[in-house]
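Open the model in your viewer and keep the selection panel handy.

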Amino acid sequence: MEKKLYTIIVHSENFAGLLNQVTAVFTRRQINIESLNVSASSIQGVHKYTITAWTDEETIEKVVKQIEKKIDVLQANYFVDEEIYQHEIALYKLSNPEFQNNPMASKVIRRHNARIVEVNPVYCIVEKNGMSEDITELYTELSELNCVLQFVRSGRVAITTSNLELVDEFLEYREEKYRKQKQEKV
Amino acid sequence: MEKQRITGAEALMRSLEHQGVKTLFGYPGGSIMPTFDALYGHRDQLNHILVRHEQGAAHAAQGFARVSGEVGVCLVTSGPGVTNTITGVADAMLDSTPIVVIAGQTPVSLLGTDAFQEVDLVGITQPISKWSYQIRRAEDVAWAVARAFYIAKSGRPGPVVLDFTKNAQTEMVDYEPVDLDFIRSYDPIPDIDRVELQHAADLINGAERPLVLVGQGVELGNAQEELCAFLEKTDIPCGRTLLGLSAIPSDHPLNKGMLGMHGNLGPNVKTNECDVLIAVGMRFDDRVTGNVNTYARQAKIIHMDIDSAEINKNIKVDVAVLGDCKETLAELTKLVREKKHTEWIASFEEHEKKEFENVIEKEIYPKEGPLNMGEVVRVVSEATNHEAILVTDVGQNQMMAARYFKYTKNRSIVTSGGLGTMGFGLPAAVGATFGCPERTVCVFMGDGGLQMSIQELGTIMEQQAPVKMILMNNNYLGNVRQWQKMFFGGRYSFTPMVNPDYMKIASAYGIQSRRVINREDLQEAVLEMLATDGPFLLETCVIEEGAVMPMTPPGGTVSEMLLEC
């Protein structure tokens, strides 16, 4: 089956040890996680994981179900690039004077719409926001100038572009189902 | 109720009693001592069974849970105490058995320091449990216990592990009982999708050669009557998985036998001939399917399960009916038409006949030679009027018992299906006698499996647990030996085994016993075992190189079972 880069978005309760449980599902199937970002979500007490991995649809479907099966996971969904707005941030530490003295350097920075945030005689730091491919492209071009000391990227963060807010709907559905259950018991 | 100020350990006792627990299986040790001290004050309400090894506590809790439908509880210490239960936790996970393991843990102040008997229990058990949680404060005890029991028994059941730090056991708390029946992130019973249900009904109504696969889910969901009503209205034959064997009485005319590697010819062959396959509460384990690429390719497949992660996991299905099968089966029965499948059902007969003539008759009614395993199982099953609870160990004894024991009552088989744990049988049988004290419990074991848990004879002695132990001794690790013969050129690599004198062992434990070598003594020995109050060890010296047949070789096609090896 065709392999693609899938973005998996997981929402969970904020309990210790959950990250472990989520990543273990990938480990068990020997799927490499390309990037992983965990942060608070817009819902209080709920954490959001944005994970990317190269795999096929049949596998990712099973992975997502097995993640969702964890008791404290609210929802897990997978997306292809067309279904999300995604972004990344990257930092590049570049050695001076190689960087400053290279006439190509400033052109590269401008063409990529990156920002120089620190300059001193030993190095500069460049910051770039953008899509994953843009960040990789800038890295490749800077590497060709032989001046990259350090490079780091945040990993993908993404929000869905659909009009449905899946997690909000899920929480409403759960509360509603519980209310009904209680009524039936009474 | 007024709040009371008590220790965390006392809060645990009250929380367990609040959950209706009456029986615990456990073993004390350093980090759980405050809890065992509290247990001393509750020993009249909470019957604690002291096992001889913590693995036995976990398997006993499983046996207890499987026959009673209640949650089995273990209480052990930290470190080696709880790592010894890990096999039981993993076993309960694969076989969907509700147990709660409560283990001591070093005080919070020592966590992460490699303190004496500290292990990262939550880290170890996360991948093999339904939920695992560390109780760090006494005020979390009541909530954690309520959550543990709710998770263990709801939806698809499974094991829960509570890691109970020592400081949380000794600290004081204002105790108030907690009831919990809702976790927003956890939906144990999916809603029924009416559209899918109708699709399923349409497929069934149009089917000429339908076949139902019955799994343990039917027993876990208490849907045995709903299953029979569905089968009888639609006149559909069924095969049962190993764990689903007692979901329908063995002599039900629509029961066509066991599925899987050592199952019956009929349901396996017919899996690849049916036009609609209806799987109820089973998970298409590889021991059932053989090669998935040649499994039921001709059929439309309907999968009824409570766990959505099972859908399309091993076998792609056409219709998925999620929900509690007690409800979905009842709803489906309303939507399907009454029908007769006389010809289709009759077509099983040739396979039944073929299997009987080539395998069964020789195995259970032999006229000469040493005792056969199948023969021993048949005699025990008949002598109990097919009403006993069957517990098995793992290996040839398990397959022979599963094949030739008969069932008239639900929840009558306790066996390690998914994990295939040798040493499971004896402690599980102990647990079963506490879970269903009014029923006869017979456990079949090989000489390998008995010796893996032989220390539990001590528990049986102390409790006078009325376990009827049938040892089928062939001086081999028989199942591996059979595979070595069939697939490894007969190179018996470390499968022959020198055995102790089991009569002396039984006698040392004060357990009545008898050894049977000759066929003419078998019946009477079995009757003696059943007539004896309390435990009994019956050693049957069976054919050394017996084989379980028929067989679908691993990765083989279900419809191409071998009849001889």
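In what order do the four strands of the open sheet in chain A lie? Select them and you can read off E2-E3-E1-E4, with antiparallel pairing; strands here are DSSP E runs of at least two residues, helices H or I runs of at least four, both numbered from the N terminus, and two strands pair if DSSP finds at least two bridges between them. This is a predicted model, where local features need pLDDT of at least 70, side-chain atom pairs count only at pLDDT 80 or more, and totals for chains, interfaces and linings use all residues. Residues are numbered from 1 along each chain as written, chains are lettered from A and ligands numbered from 1 in written order, and side-chain values use heavy atoms, without hydrogens and water.

Next, colour the edge strands of chain A, E2 (33–40) and E4 (73–79), each of which pairs on one side only. Strand E1 (residues 4–13) of chain A joins E4(A) through six antiparallel bridges; pick Ser12(A) and you will find Val73(A) as its bridge partner.

Now show helix H1 (residues 18–28) of chain A, which lies across E1, E2, E3 (46–55) and E4 of chain A.

Finally, bring in chain B. Its contact with chain A (heavy atoms within 4.5 Å) takes 25 residues from chain B and 29 residues from chain A. Seven salt bridges cross this interface, each a side-chain nitrogen of Lys or Arg within 4 Å of a carboxyl oxygen of Asp or Glu. Zoom in on one of them: Asp307(B) with Lys69(A), whose closest N and O atoms are 2.7 Å apart.

Terms used. Axes are lines fitted to C-alpha atoms, for helices over the stretch in contact, and angles run from 0 to 180 degrees between N-to-C directions.
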